[in-house]
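Please read these notes with the structure open beside them.

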Amino acid sequence: MSKAPLGKLERISLRKAWAHEAGEFTPWLAQADNLTLLAETLGLDELELVGTEHPVGDFKVDILCSDNGGKVIIENQLEKTNHTHLGQILTYAAGVGARKVIWVAEAFRTEHVAALEFLNQHTTDELDFFAVEIELWRIGDSPMAPSFNVVVKPNDWAKTGQQNAKAAATMTPTKQRQLAFWTGWQAWLQAKDSPLRTQKPQPQHWTNIALGRAGIHLAATVHSREKRVGMEVYIDHGNSKAMFKQLLAQKDAIEAELKVALDWQELPDGHACRILQVRLESPLEDEAQWPLYFAWLETAALRMTEVFRERVKALA
């Protein structure tokens, strides 16, 4: 039996695809599909482009994005990292109030890897640094294919654990239980290899889940007093009320697809709106029932993502 010939995997210089960093590579990276690939590689929520060459005082950050956690800056290089860009990412992070900093380069010097790891270890839970190397590969005459490799990312468990330990002395029993619940749900999702991604666990009654558009997300909630858990579409956008009404016009179709009657709350006295479903008789104190709550929340989140995601993206 004859065997099909095997091709040779060849690494290609970045400059063969992008001759100019600002004029070619930055616009390529800022495309939605490429930002999605970068976000998936880093395990982040979807990145929504705010702008390229975004002004920060007298300077310009290569790419400014947003996710459910806030602003994200991306600084890129088609070469090995240098001290100039290290200073730039710190300047830009301070200038825009970034929550995440992503440095993309052809290769990272050992000193810069150490610097980013130091920053991740000694900053608060509200600021994370990532280092990503980009490579180009090709087999024979095939099109060149990019590959992102994560070099540095925050140690979420260590950072969150350190801060939670410091805060434990002042946390109320309710806050401690909320933190334990979200930590447990995240571990439960990871153990079953769920496609659902949640925020870092926090001592609060909600945790957010990306829905494909900045200003609109899913929120999983627990209410100790009302003894219920819930899943809602939370709209906190500059055009919140109009967006809510566009979705409300599709109420019958949405509820028919979900097979669930939703609670549509325009909240006329506030800026935000919400669309939610709840699981009643779900006391947070009953920890033996938590796996049932975890399963309900996962199912609700996946179904609401399926039904709302494209509708949210289409909102004017």
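The points below take the helix pair and then the salt bridges.

1. This is a predicted model, in which local features need pLDDT of at least 70, side-chain atom pairs count only at pLDDT 80 or more, and totals for chains, interfaces and linings use all residues. Residues are numbered from 1 along each chain as its sequence is written, and side-chain values use heavy atoms, with hydrogens and water left out.

2. Helix α8 covers residues 251–258 and helix α9 residues 290–313; helices (H or I, at least four residues) and strands (E, at least two) are DSSP runs, numbered from the N terminus. The axes of α8 and α9 come within 9 Å and cross at roughly 150 degrees. This makes α8 roughly antiparallel to α9, a term for angles over 145 degrees. Axes are lines fitted to C-alpha atoms, for helices over the stretch in contact, and angles run from 0 to 180 degrees between N-to-C directions.

3. On the α8 side, the contact involves Ala253, Ile254, Glu257 and Leu258, which meet Arg303, Met304, Val307, Phe308 and Arg311 of α9. Contact means heavy atoms within 4.5 Å. By class, six of the residues in this contact are nonpolar and three are charged, with no polar ones. Nonpolar here means Ala, Val, Leu, Ile, Met, Phe, Trp, Tyr, Cys and Pro; Asp, Glu, Lys and Arg are charged, and the others, Gly among them, are polar.

4. Arg311 and Glu257 also form a salt bridge, at 2.8 Å from N to O. A salt bridge is a side-chain nitrogen of Lys or Arg within 4 Å of a carboxyl oxygen of Asp or Glu. Arg311 is in α9 and Glu257 in α8, so the pair ties together parts 54 residues apart in sequence. Arg311 is buried at 17% relative accessibility, whereas Glu257 is partly exposed at 37%. Buried means under 20% relative accessible area, exposed over 50%, and partly exposed in between (1.4 Å probe, protein chains only).

5. Lys251 is partly exposed at 29%, and Glu255 is buried at 15%.

6. How far apart are the closest N and O atoms of Asp67 and Lys100? The distance in this salt bridge is 3.0 Å. Asp67 lies in strand β3 (residues 59–67) and Lys100 in strand β5 (residues 100–105), 33 residues apart. Asp67 is buried at 8%, and Lys100 is buried at 13%.

7. The salt-bridge count comes to nine.

How values were computed. Parallel < 35°, antiparallel > 145°, perpendicular 65-115°, else oblique.
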